[in-house]
Amino acid sequence: MLSRFLAVLAATFVYRSGRLAKSGILTLPPLPSSYYVNGDVDTHCVVIKEPSHTLGACEDAVFWDHLQADGDVTARFLIVGCDPNRKAWNTVMGPLRDPEPKGYLWLVDTLDNGLQRIELAGFPEGHDFHPLGIEVTPSLNGAASVLYIVNHARGETTIEQFVISPDAPTQAHWQRTISSPWFVSPNALAITNETSFYVSNDHLMTRRLPFPLAPILPMIESIAGLPLSWLAHVTVNPDGTVTHKLAALGVPFANGVAISPDGTTLALSSTSLGQIYFYDRNTTTNELEYREAVSVPFFSDNLMFDEHGALIVAGHPHFPSLIAVAANKTDAQAPSWSVSLTPLSKDTHFAEDAQRTLYDLRAPFSASKVVPASKGWELETLFQSDGSVFGTSTTSLRDLRTGALYMVGLYEEGMMVCRP
């Protein structure tokens with residue numbers, strides 16, 4: 001009976017996801033060992049590793065900009081959240097076996113790939129730390145920045161608030177733990193100011209439910225692409241309480257979230273459908289109005305806008321392989337894929353729709369073999385790997401000042417850096 005029910009759910013998912021389901025679940029896409037859009041991987045890319053293996057299983061990474069008064073960037077670092085214990089404690093995919101070993105924060109210098117561990121100063125003794133989504137405000141004229149981190153602790157998922165300063169960049173000073181009944185399954189963050197942010201909740205039915213509700217119900221929600229997750233806007237009040245407001249409802253597996261440089265567009269990843277939902281954003285009220293959905297050729301994870309307004313998307317081209325890696329199967333590897341979505345000018349026209357059936361043609365495995373072209377966005381592959389060079393991609397960042405591309409993976413050791 002259960003197998004028949006799951007078969008119906010799978011059929012529903014295939015119907016909704018079309019070619020993505022075929023490429024991402026039913027068959028293993030023929031990705032190359034590695035491809036980088038700006039050159040040969042062997043000479044242009046390096047995977048930074050740390051001797052104690054604590055720069056591993058890094059789910060998210062963000063740029064931390066140091067700005068002058070006029071807004072010019074004087075220095076840029078990455079803050080990376082890693083959890084080498086993820087195969088024993090993962091509240092999104094499971095298992096929930098051992099929450100004891102803590103995760104880590106790392107500081108990476110974009111000039112020389114210099115790596116330093118960030119100490120969690122004042123973090124409560126005995127408090128779990130399992131980082132997922134990360135966001136940080138830029139530092140202006142040397143002032144301290146506010147750092148928010150989603151923490152998948154054993155009892156509940158919270159959001160930790162820190163302060164980090166350019167004069168002591170390897171110390172994040174803990175301010176408070178933010179908790180709310182509305183935080184059912186917080187995943188990713190997008191800051192709107194020092195005291196407010198958007199947060200995605202990836203599932204309504206989570207792995208924290210008692211057996212046998214979990215893992216069955218979360219799996220059903222994911223496989224069927226049920227539109228039960230959401231995006232909220234949260235304001236942190238001076239006393240640490242929060243004002244919570246629903247911003248977008250009815251999203252299947254809401255995941256990565258990002259705000260465009262001008263603040264008027266918000267992008268939200270729907271992992272189950274492999275789509276990016278775009279919303280018009282009111283910069284005064286933070287209210288959102290749905291605009292469109294754009295398909296990508298994998299199960300999308302985290303997002304970032306670069307300075308020119310292109311959206312960088314990373315994700316998982318083959319979900320069964322990701323599950324195999326998470327389950328620690330022998331010799332398992334899961335592929336990686338990162339793309340850019342660049343908005344097309346309203347003056348851009350194509351003579352015939354047939355001309356748009358083929359695109360992304362520089363990539364060894366073109367995205368056009370998986371999803372149709374978008375009318376408003378140009379998709380280009382930035383990196384591909386079958387997992388043998390770098391796998392389980394969750395976040396990819398592009399630094400337009402240097403052209404560098406950064407990538408971290410959910411179960412991968414190290415961080416990949418590619419330079420033109």
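Guide: Strands S20 and S21 are joined by five bridges and run antiparallel; two strands count as paired if DSSP finds at least two bridges between them. Strands are DSSP runs (E, at least two residues) and helices likewise (H or I, at least four residues), numbered from the N terminus. This is a predicted model, in which local features need pLDDT of at least 70 and side-chain atom pairs count only at pLDDT 80 or more, while totals for chains, interfaces and linings use all residues. Residues are numbered from 1 along each chain as its sequence is written, and side-chain values use heavy atoms, with hydrogens and water left out.

Within this pairing, methionine 304 has isoleucine 312 of S21 as its bridge partner. Five residues separate the two strands of the hairpin, and in the turn glycine 309 adopts a positive phi of about 90 degrees. S21 also has a pairing with strand S22 (residues 336-343), again antiparallel and over five bridges; here leucine 311 lies opposite leucine 341.

S21 (residues 311-316) is mostly covered, with six of its six residues buried; buried means under 20% relative accessible area, exposed over 50%, and partly exposed in between, for a 1.4 Å probe and protein chains only. In a regular strand the side chains alternate between the two faces of the sheet. In S21, Leu311, Val313 and Gly315 point one way, Ile312, Ala314 and His316 point the other way, and all are buried.

The terms are set on a 1 Å grid over the protein atoms alone: a pocket is an open set of points with protein on both sides within 12 Å along at least five of seven lines, a cavity is a set where a 1.4 Å probe fits but cannot get out, and lining residues have an atom within 4 Å of a point. Grid points are joined across faces, edges and corners, and a volume is the space filled by probe spheres set on the points.

The largest pocket holds about 1000 Å³ of space. Its lining comprises 43 residues, with Phe63, Glu135, Val136, Ile259 and Phe305 nearest the centre. S3 gives the most, with seven residues. By class, the lining has 23 nonpolar, 10 polar and 10 charged residues, where Ala, Val, Leu, Ile, Met, Phe, Trp, Tyr, Cys and Pro count as nonpolar, Asp, Glu, Lys and Arg as charged, and the others, Gly among them, as polar.

S24 also belongs to an open antiparallel sheet of four strands, in the order S2-S26-S25-S24. S2 (45-48) and S24 are at the edges with a single partner strand each, so one side of each has no neighbour in the sheet. Neighbouring strands in this sheet are turned by 20 degrees against each other on average, direction ignored; axes are lines fitted to C-alpha atoms, for helices over the stretch in contact, and angles run from 0 to 180 degrees between N-to-C directions. Between S25 (residues 404-409) and S26 (residues 415-418) there are three bridges, and leucine 405 faces cysteine 418 in S26.

The second largest pocket has a volume of about 770 Å³. Of its 36 lining residues, Met93, Ser222, Phe253, Phe319 and Ile323 lie nearest the centre.

In H4, the buried residues are Ala214, Pro218, Ile220 and Glu221. Viewed down the axis of H4, these residues fall within an arc of 155 degrees, so they line one face of the helix; the arc is that of the directions from the helix axis to the C-beta atoms. Just after H4, glycine 225 has a positive phi of about 60 degrees.
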